[in-house]
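This report describes selected local features of one protein chain. Please keep the sequence and the model in view while reading.

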Amino acid sequence: MHSALPGRTNPLFHQTSIPRGYRFLRKPLYIIVTVIVVIWMLSRLITGDNRPSDAPSTVMVMVLNRTAASSEMISKIISNRNEYAHEHGYAVFMKDVSDYPIGPVPDGWASLPAIRHAMTEYPHSDYFWYLDQNAIIMNPALSLKDHITNPTRLSELMRRDVPVVPPDSVIKTYKHVPAERINFILTQDHEGLQPGSMIIRNSEWAKYLLDAWYDPIYRFYNFQKAEVHALEHIVQWHPTILTKLALIPQKIMNSYPAPPPSSKDHAYQDGEFLVRLHRCEKKGRSCEKEFNKYWLQRKVAAHAGEQGYVASAH
Ligand SMILES: *[C@@H]1O[C@H](CO)[C@@H](O)[C@H](O)[C@H]1NC(C)=O
């Protein structure tokens, strides 16, 4: 008779199956394993977390849809991100929507596996910043750290006790979460959460967030606004997610073009970090036209021109 697990009487596992002469080896084995573990722990203490000295602090994640824009616009977008990354020593993780089998759902979903993927390629980096294709970094002098992630700065920026989904969702951001505990930074516009520009701090929690958010249950649920509504759902239903989330003022990293579609307080003004052409693909607008208009207004990074990151005016 065969059972799934060996029974106590199975001769293979029976005490007497170990020849008497070798029994003394069992104790030394524990000792050897303990010594190895201790040495390993000590070596970790001495060498830190094995973080290579050249690991970038921040990785910019971009997912391109090359059929949605002219090749000229795509190359401007790439040079804009590279120029900014070069200025601050960040890495650029650039992928194509078609690299991720998201299924028959809107493009925006591809941002989630892309960030997850970037985290495996850059396990020693602290921050992953995802920015939509239809955006221009307008003021490359601002570093993400000074402008946003530094805890002192973040603490000033954090919008506490405000409805997660404006104007009146009953779930509000926490009043007293310290900035050090934040793992997820994003903005809201007048309609809701806006993950088109979002910063995620590398952590086990971040992987949980991305996995939960990308779950097929949400992906194929047909939320009216796809990944945005899925996010609003998980943020409002899971306090574990809400406690590590910071909402910061929209213009810090998600200014919109002068109307439409923004109300005046969200409209891009000279000197701000970036402009994101939210919904520029809608009827009556032109992503390319709007892009080119702002492209001419952007500031060029101080070190552009080095290493071929020449940002020409058009
Ligand atoms: C890319 O953009 C085009 C045009 O907007 C759209 O039809 C397509 O579904 C998008 N996604 C992919 C994966 O190409």
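Which residues does Lys175 touch, not counting residues up to four places away in sequence? Lys175 touches Arg160 and Asp161, where contact requires C-beta atoms, placed from the backbone, to lie within 7 Å. The model is predicted, so local features need pLDDT of at least 70 and side-chain atom pairs count only at pLDDT 80 or more, whereas totals for chains, interfaces and linings use all residues. Residues are numbered from 1 along each chain as its sequence is written.

Lys175 is placed in the loop between helix H5 (151-157) and strand S5 (184-188). Helices (H or I, at least four residues) and strands (E, at least two) are DSSP runs, numbered from the N terminus. Asp161 lies in the loop between H5 and S5, and its C-alpha atom is separated from that of Lys175 by 5.2 Å, although the two are 14 residues apart along the chain.

The table lists exposure. A residue is buried if 20 or more other C-beta atoms lie within 10 Å of its own, exposed if 12 or fewer, and partly exposed in between.

| Residue | Other C-beta atoms within 10 Å | Class |
|---|---|---|
| Lys175 | 8 | exposed |
| Asp161 | 9 | exposed |
| Arg279 | 14 | partly exposed |

Asp161 has a positive phi, near 60 degrees, and is not a glycine. Arg279, also a residue other than glycine, has a positive phi of about 60 degrees.

Helix H3 (residues 111-121) has buried residues including Leu112, Ile115 and Met119. The buried residues of H3 pack against several elements, among them strand S1 (58-64) and helix H8 (226-237).

Technical notes: Contact = placed C-beta atoms within 7 Å.
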